[in-house]
Amino acid sequence: MSVLLSIDSVCKSFGPFQALDNIQLDIEQGEFIVLLGPSGCGKTTLLRSIAGFMQPDSGTIAIDGQDVSRLPPYRRPLNTVFQNYALFPHLTVLENVAYGPRRQGVGRAEARQKAREALAMVGLEALEDRFPRGMSGGQQQRVALARAIVNQPKLLLLDEPLSALDMKLRKRMQLELKHLQAKLGIAFIFVTHDQEEAMTIADRIVVMNAGRIEQVGASSQIYSAPASRFVADFIGEANLISYQASDNGEVRLAIQHKPLRHPARDLLPRGVAVLRPEHVQVLDASTPESASCHELHGTVTDIVSVGSHTLVHALIDGQPIVARTMGLPPSGLTTGGAVRLGYNPAHVHLIGEPV
Ligand code: ATP
């Protein structure tokens, strides 16, 4: 794989507010990248800077080794799909898609041929004579995609393209997009604030917070080894528990007197331990404590069952802990009653925090 897009030291401020703070990111050819983060973290600003709709204050953006920082959007080898589709209402589906090639000087017959090929990629070849207003949200989204890929860009930028769709259609379109991207082999950069969407579609996720990149990695890596408290909290559900480590490699969690052993030499003396709810079990009386099952005693505060799984909320030494169990609530549990929870210390991920 070789680098397609290289973002180097990009900064952008609006007055005194720094929206992008020294962004450093390389994207490979054919990668599906998701920019993920809470509202206002700078995702759209970064996407618009890559597209050329916005000029960074400093830093460079290169595509295929060519510095495009000063080029206008239409001179960059990329295309953008916007949230609102931005289709021309007075043009048919085919004309909408053929518009780009026509503007670039391609002849009418060839432009229509290219548009038909792009429509076939998104499964809309049968609807080429329709007008956008006669189409569902999902179909309009596919037209917008066909229009964006018809010129075979090297890079496609997608700014929350599925946010206007209902949840079921949105989930279907996520998988369709993933298949389309694999078929096209071009790199996608997709912006969302929905972590489940990011984990469904991304090869790598770029987690952003307050104008900075917190972590870049495959979803499994970001979920199992978050680099910061912010990432642990933002991606999935997490029990975050303070820890203290001593020089001899012993780690004590705030909820547990029995120490854990930790092999990492560079572990900071204080920080936060991440324990995912699915790694906390509700123990019954017959489960013995062992090296692979540390035990916690507490009180149940809530039991929330959604059919496929149940969340058991408990208080352990004043610290809230959530356990997720498969299926309906374990028998014998009551709100306000005692509970025995267990976890395997191997599932505890420690994040040191400088003091
Ligand atoms: P959302 O998910 O809500 O779209 P985002 O992560 O895409 O958020 P941006 O749109 O990149 O966030 O905005 C980052 C920050 O920069 C926000 O605080 C926003 O208010 C600010 N900002 C963006 N554009 C401008 C502008 N043109 N003028 C002033 N401030 C701006």
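Visitor: Which domains does the domain assignment give the protein?
Guide: The assignment, automatic or from a database, gives domain 1 (3-232) and domain 2 (237-353). Residues are numbered from 1 along each chain as its sequence is written. This is a predicted model, in which local features need pLDDT of at least 70, side-chain atom pairs count only at pLDDT 80 or more, and totals for chains, interfaces and linings use all residues; side-chain values use heavy atoms, with hydrogens and water left out.

Visitor: How many residues of domain 1 are in contact with domain 2?
Guide: Nine residues of domain 1 are in contact (heavy atoms within 4.5 Å) with 10 residues of domain 2. The C-alpha centres of the two domains lie 39 Å apart.

Visitor: And what area is buried there?
Guide: About 790 Å² is buried between domain 1 and domain 2, counted as the accessible area (1.4 Å probe) that both parts together lose on being put together. Carbon and sulfur atoms give 49% of this area. Tyr223, Arg229 and Ala232 supply 73% of what domain 1 buries against domain 2, more than any other three residues.

Visitor: Now the ligand. Which residues are closest?
Guide: The closest are Ser39, Gly40, Lys43, Thr44 and Thr45, among 13 residues that surround the ligand, each with a heavy atom within 4 Å of it.

Visitor: What lies 2.5 Å from an oxygen atom of the ligand?
Guide: An N or O atom in the side chain of Ser39 does. For Gly40, a backbone N or O atom lies 2.8 Å from a ligand oxygen atom. A polar side-chain atom of Lys43 is 2.9 Å from an oxygen atom of the ligand.

Methods
A polar contact is a pair of N or O atoms within 3.5 Å; within protein, one must be able to donate a hydrogen and the other to accept it, and residues adjacent in sequence count only if both atoms are side-chain atoms. Buried area is the accessible area (1.4 Å probe) that two parts lose on being put together, summed over both.
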